[in-house]
Each structure stands twice: as C-alpha cells, then as structure tokens.
Amino acid sequence: MRTSRTTVTAIAIVTAAALAAVVSGGAARAATAGTAAAPSACRPANHLAKITRDQASAGHVHFRVTLTAPRGYAACRLAGSPTGVAFALHGTPLGITAGRYGDQGAPVTFGPGRPVHFDIQVPNDGHGVPADEASFTLRAPGGEIPGASVAEGRLEVTAGTVIGPVRPGS
C-alpha cells in the first residue's frame, strides 16, 4: 500500500503538535528544556517532492523535481545528484536506471522557505515509457542521507535518462 507524502507530513505535524502540548504542561517541560532540536528537512519523511514537466532542450525532454520543507524543520545541506533513482507507474517498478550529470560537489542549502530542485533529463527518442513516481536517495556534502525520498507527478523515462545535481530554487 502506498502512503501519500501529504498524509505522512500531516501525521508528523499532528504528532509534533500533540507532543508540544504535553511538553508545555509543566513537569515534562523541565525534563526537555533546551534539548529539543528541529529535525532535518533532508530526511525523507520531512519534505515533499513533486515532479513537473520542464522546458525541452535539443534532443531531450526535461522534468523538474522540486523539494519543499514545511515549517518546523531545520535547514540542511545537499550536494550532487540523487542516487538510487527508480521509476514506477502505479506502484509497478519500471526497471529503468538513471545516470547523473553536472557538478556533483556544489553544496546547496535546503529547508523551510528554501526549496531546491533537480532535473531529470530524458532522451527524446520516441521510446519514452510513462511513469508517475520517482524514488531516490539524497546526498549531503559528506555522503548519502539514509532513506528513500519519493516524488510524484507525470513523466516519461527511457534508457539514457540522467539526473542533474540539486540546485537552489523551485
């Protein structure tokens, strides 16, 4: 069963609000004073990802994956292209792997109010296969961030698909 990223985020927000209500109730507050740090926006459960069609270039179709983080999460650093990218249609894996291109070392700050995006570049060779989901592992300047993020939206992929590095902006 697929779980919507919106549902996961809503559950996390409700849970955080309930915990805040309990913590603000007296004795519990004293036990946690000064130790609560905001969770990282880079963790897969703490951000949203959406796929949209972007402008085509000579011989390629492009899709943009935009990541946003709701308030309450700490900013973090990302670098390079996501790894382990897998595409699916209605939950069925497509078996198409993606390479990467571009500067893999430039760090980018991501967090609430600071969206980031990356490019999915697909050869426009008439062999594109429809997909509606991409899963991937984000990278920080020091290595991979544990867990798989999921982006939803209509796209097409084929052999030769490559993933660009994370860049600032939506």
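Biologist: Which residue in β2 is the bridge partner of Ala 49?

Modeller: In this predicted model, Ala 49 has Leu 67 as its bridge partner in β2.

Biologist: How should I read a positive phi, and which residue has one although it is not a glycine?

Modeller: As a general idea, most residues other than glycine have a negative phi. Here His 90 has a positive phi of about 50°, and His 90 is found in the loop between β4 (83–89) and β5 (92–93). His 90 counts as exposed because its relative accessibility is 65%, where the cut-off is over 50%.

Biologist: Which residues of the largest nonpolar core touch the most other members?

Modeller: In soluble globular proteins, nonpolar side chains tend to be buried together. The largest nonpolar core here has 31 residues, of which Val 65, Leu 67, Phe 87, Phe 110, Ile 120 and Phe 136 touch the most other members. Among the elements that give two or more residues to this core are β1, β2, β4 and β8 (116–123). Leaving aside neighbours within four places in sequence, Ile 120 is in contact with several residues, including Val 65, Phe 87 and Leu 155.

Biologist: What pLDDT does the protein average?

Modeller: The average is 84, and 79% of the residues score at least 70. Over residues 1–35, however, the pLDDT is below 50, and this stretch has 23 contacts in the model beyond near neighbours in sequence.

Key:
Residues are numbered from 1 along each chain as its sequence is written. This is a predicted model: local features need pLDDT of at least 70, side-chain atom pairs count only at pLDDT 80 or more; totals for chains, interfaces and linings use all residues. Side-chain values use heavy atoms; hydrogens and water are left out. Two strands pair if DSSP finds at least two bridges between them. Helices (H or I, at least four residues) and strands (E, at least two) are DSSP runs, numbered from the N terminus. Buried means under 20% relative accessible area, exposed over 50%, partly exposed in between (1.4 Å probe, protein chains only). pLDDT is the predictor's confidence in each residue, from 0 to 100. Contact means heavy atoms within 4.5 Å. A nonpolar core is a set of buried Ala, Val, Leu, Ile, Met, Phe, Trp, Tyr and Cys residues joined through side-chain atoms within 4.5 Å.
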